[in-house]
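Biologist: I am new to this model and would like to learn how its features are read. Could we go through them one at a time?

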Amino acid sequence: MSKELTSRAENYSQWYNDLVLKGGLADYSAVKGCMVIKPYGYALWENMRDQLDKMFKETGHVNAYFPLFVPKSLFEAEEKNAEGFAKECAVVTHYRLKNDPSRPGKLMVDPDAKLEEELIVRPTSEAIIWNTYRDWIQSYRDLPILINQWANVVRWEMRTRLFLRTAEFLWQEGHTAHATKEEAVEETLKMLNVYSTFVEEYMAVPVIKGIKTANERFAGAEDTYCIEALMQDGKALQAGTSHFLGQNFAKAFDVKFSDKNNTLDYVWATSWGVSTRLIGALIMAHSDDQGLIMPPKIAPLQVVIVPIYKGEESKPLIDAKAKAILDELKTLGIRVKYDDNDNARPGWKFAEHELKGVPVRIAMGLRDMENNVVELARRDTKEKKPVSMDGLAGYIKELLEEIQQNIYNRALSFRNENIREANGWEEFVQLLDEKGGFIAAHWDGTPDTEEKIKELTKATIRCIPLDNKPEDGKCILTGKNSTQRVLFARAY
RNA sequence: CGGGAUGUAGCGUAGCCCGGUUAUCGCGCCUGGUUUGGGACCAGGAGGUCGCAAGUUCGAAUCUUGCCAUCCCGACCA
């Protein structure tokens, strides 16, 4: 009633916006291109962050924090990186306001407070970090450095979308320094695997691991590896990247180390990141026309208990039973809430929790008490059935795992059904327009051809899958020889 | 940055073309009561710089100009 959702079929973009706004994840803000992440959305991010943080620590990383501002001279040191981000940088030029003499009560930028050197608001932190690493690294004994930071960054986008692309966003960025190329490459792939494990096992979103083509590579990287996910509308979404930076930043910032033989060499680097964009991926991979569907492992709330009572006399009875179940579930480490708010009636609560994607709902009324059962509803399948109160907590714990698996399987089938091979140009264009999804096709390996295909179809090469099998073929555009298929898609 | 659309209470809206008392309705909110197994009902009540700023006019939500914001579609990007 009060919260009508646009259906996916009607308007996919609007459906997405409705879910974010009405599901209570985020709001628009007074700042153009920036959003407010609301408590429910932030709780989701915290769960994602905590799990990732744990995985980073398990792989030997530590957290640190570097400044928001990057002096322009440092920013421009690695030229390719600087060039790549130049068009979307916020720049601080002044450090003071003053009263505006011509408009009483208003402020103006104080022209006398111009900075000697402009400060760039970080779009990413390689520059400031590698400038710091120079001071930290002298010998191979100082290596490796395995640092991660949780931070906000700013990229001044022309067109923004909640979670998917905002001017400011939250992310983590890992920045590592190594003595050898092999070790850096190993690190790059290790973190790619951490990402794919996290996204698949916790977010229940299947991904394809691959390597980016030169056109799509991170500015300043030698190689960019990525995980690519598929959304329900058939568009691809880059869910995370891990970069092998070679010695580019070490050279730009003069970071050298002495090896065991006392010979000097530049340090090898990696960087890797995922952002709040993952929340967009989560929404578009799983949710339906009734609202969000949260994977249990990172759902802010895993179970909600809704009492149904007639008159005040039955309430204490239900309360007692509900609290017992609540305690049992909490003991098992399940995130659960007893929603006995008297302002809303059961039907309203059902709809609200469905909108918010709470994986399991327990409804309990007098009738259930008499039969020693509760009504259990799962969000992913909408299935409702009575379940005995005996052993309920254990049952729910298993059910949450089953839901997690089911959501993943569903997304995986969808993804797999939407990877198609195209062997000629017309077939390629037709598949793209009629089916969407990933299209595995031959490509002659040149940036020009990739660019041309993008111009003609808006499809880009999402990646060259890591598990690709060699296969001789002809490029769909130029007909030139090709040794493997690459994955094309229209992307977010 | 280009094209299109929109902006009236927390949300959704009527009114605008054709200027004229106190700006419409629904949801939500507050108070009281009855209710509670799929978005309850009754009664009473509060809430508005009509996006902002100029202009035209005796008079502007309504007409004009400028600006701002948001959404959708492009270009750019994670």
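Predicted model: local features only at pLDDT ≥ 70, side-chain atom pairs only at ≥ 80, totals over all residues.

Biologist: Into which domains is chain A divided?

Modeller: Chain A is split into domain 1, which covers 12–70 together with 129–286, domain 2, which covers 303–414, and domain 3, which covers 419–489. If one takes the C-alpha centres of domain 2 and domain 3, they are 47 Å apart.

Biologist: How should I read the largest pocket, and which residues lie nearest its centre?

Modeller: A pocket can be read by its volume, by its lining and by the elements that supply that lining. Here the largest pocket holds about 1700 Å³ of space, and its lining is made of 46 residues, with Glu-88, Arg-155, Glu-157, Arg-165 and Gln-238 nearest the centre. Domain 1 and domain 3 each contribute at least three residues to this lining. Among the elements that each supply at least two lining residues are helix H4 (79–86), strand S10 (168–178), helix H14 (447–457) and strand S24 (460–465).

Biologist: How many residues of each class does the lining of the largest pocket have?

Modeller: Sorted by class, the lining of the largest pocket has 17 charged, 15 nonpolar and 14 polar residues.

Biologist: What is the volume of the second largest pocket, and what lines it?

Modeller: The second largest pocket has a volume of about 380 Å³. Its lining has 16 residues, and those closest to the centre are Pro-465, Asp-467, Asn-468, Lys-469 and Leu-487. Strand S11 (208–211), strand S22 (419–421) and strand S27 (485–489) are the elements that give two or more residues to this lining, and S27 gives the most, with 3 residues. By class, the lining of the second largest pocket has 8 nonpolar, 7 charged and 1 polar.

Biologist: Which residues is Gln-51 in contact with, once its neighbours within four places in sequence are left aside?

Modeller: With those neighbours left aside, Gln-51 is in contact with Phe-198 and Tyr-202. The side chains of Gln-51 and Tyr-202 also make a polar contact, at 3.2 Å. As for Phe-169, this residue is 118 residues from Gln-51 in sequence, and the two are 19 Å apart in space, C-alpha to C-alpha.

Note on methods
Residues numbered from 1 in each chain as written. Chains lettered and ligands numbered in written order. Heavy atoms only, no water. 1 Å grid on protein atoms, 1.4 Å probe; cavity = no way out; pocket = protein on both sides within 12 Å on 5 of 7 lines; lining within 4 Å. Points joined across faces, edges and corners; volume = space filled by probe spheres on them. Helix = DSSP H or I, 4+ residues; strand = E, 2+ residues; numbered from the N terminus. Nonpolar A, V, L, I, M, F, W, Y, C, P; charged D, E, K, R; others polar. Domains from an automatic or database assignment. Contact = heavy atoms within 4.5 Å. Polar contact = N/O pair within 3.5 Å; in protein donor to acceptor, adjacent residues only side chain to side chain.
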